[in-house]
Every structure is written in structure tokens, then in C-alpha cells.
Amino acid sequence: MLRKIGRLFVIKNRFEAFVIIYALALGATARGAAYLTEYPGFGGKLLFLAATGAVFLAGAAILDSLKAKKEIEELRALVAERE
């Protein structure tokens with residue numbers, strides 16, 4: 001039962017990855033807007049950029065991990081085919 005629940009939290013395809021990245025971006029922009037009101041001026045803008053920049057890094061990591069996962073599955077299939 002726990003494995004079935006655990007599978008809900010696994011990103012399986014690019015569409016799911018993009019939905020998660022979109023949600024991260026919405027949260028980052030909300031956090032950035034709060035930074036702009038809390039710290040007006042250049043400091044708030046830097047914090048806004050840092051919050052949104054983190055989404056780019058996380059999104060790239062998510063997409064790279066999906067690509068690596070797909071390549072590993074293809075290699076396993078190739079090895080199984082040869083055996």
C-alpha cells in the first residue's frame with residue numbers, strides 16, 4: 001500500500017515535470033513579490049532574481065534527471081535483449 005502511495009510522488013514524464021516547474025515558478029514569483037514589498041530597492045530586486053533563478057536550476061535538474069532515467073531504462077532493455 002505504501003508503494004502505491006509512493007508512486008504518486010514520482011515524476012514519470014515531461015508533462016508532469018513541466019507542471020511541477022510551473023508550480024515552483026508561481027511560488028517563486030509570489031515569494032519574489034513579497035521580497036519586493038519587504039525590501040524595496042535593489043536588495044529586493046536581487047532577492048526576487050534569486051528566487052526565480054532557483055526555479056531555473058531546479059527545472060533543469062528535474063528535466064535532466066528524467067532524461068537520464070529514460071537513458072538508463074533504454075540501456076537496461078538493450079542489456080536484457082542481449083542476454
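I began with a cut-off: a residue is buried under 20% relative accessible area, exposed over 50%, and partly exposed in between. I also kept in mind that this is a predicted model.

**Entry: glycine 53**
I looked up glycine 53 and found it in helix α3. Its relative accessibility is 24%, so I noted glycine 53 as partly exposed.

**Entry: leucine 78**
Next I turned to leucine 78, which also sits in helix α3. Is leucine 78 buried, exposed or partly exposed? I read a relative accessible area of 37%, so leucine 78 is partly exposed. From leucine 78 to alanine 25, I noted 37 Å from C-alpha to C-alpha and a separation of 53 residues in sequence.

**Entry: helices α2 and α3**
I then followed two helices, α2 (residues 14-38) and α3 (residues 42-82). Their axes come within 8 Å and cross at roughly 170 degrees. Angles over 145 degrees count as roughly antiparallel, so α2 is roughly antiparallel to α3. I sorted the residues in the contact of α2 with α3 by class and wrote down 18 nonpolar, five polar and two charged.

**Entry: isoleucine 5 and a surface patch**
Last, I visited helix α1 (residues 2-7), where I found isoleucine 5. With a relative accessible area of 38%, isoleucine 5 is partly exposed. I also found it listed in a nonpolar patch on the surface, along with Met1, Leu2, Leu8 and Phe9. Together, the residues of this patch have about 690 Å² of accessible area.

Key. Residues are numbered from 1 along each chain as its sequence is written. This is a predicted model: local features need pLDDT of at least 70, side-chain atom pairs count only at pLDDT 80 or more; totals for chains, interfaces and linings use all residues. Side-chain values use heavy atoms; hydrogens and water are left out. Axes are lines fitted to C-alpha atoms, for helices over the stretch in contact, and angles run from 0 to 180 degrees between N-to-C directions. Helices (H or I, at least four residues) and strands (E, at least two) are DSSP runs, numbered from the N terminus. Angles under 35 degrees count as roughly parallel, over 145 as roughly antiparallel, 65 to 115 as roughly perpendicular and the rest as oblique. Ala, Val, Leu, Ile, Met, Phe, Trp, Tyr, Cys and Pro count as nonpolar, Asp, Glu, Lys and Arg as charged, and the others, Gly among them, as polar. Patches are made of residues with over 30% relative accessible area and no salt bridge: like charges are joined within 9 Å, nonpolar side chains (Val, Leu, Ile, Met, Phe, Trp, Tyr) within 5 Å. Accessible areas come from the Shrake-Rupley method with a 1.4 Å probe; for residues, only the protein chains shown count as cover. A salt bridge is a side-chain nitrogen of Lys or Arg within 4 Å of a carboxyl oxygen of Asp or Glu. Buried means under 20% relative accessible area, exposed over 50%, partly exposed in between (1.4 Å probe, protein chains only).
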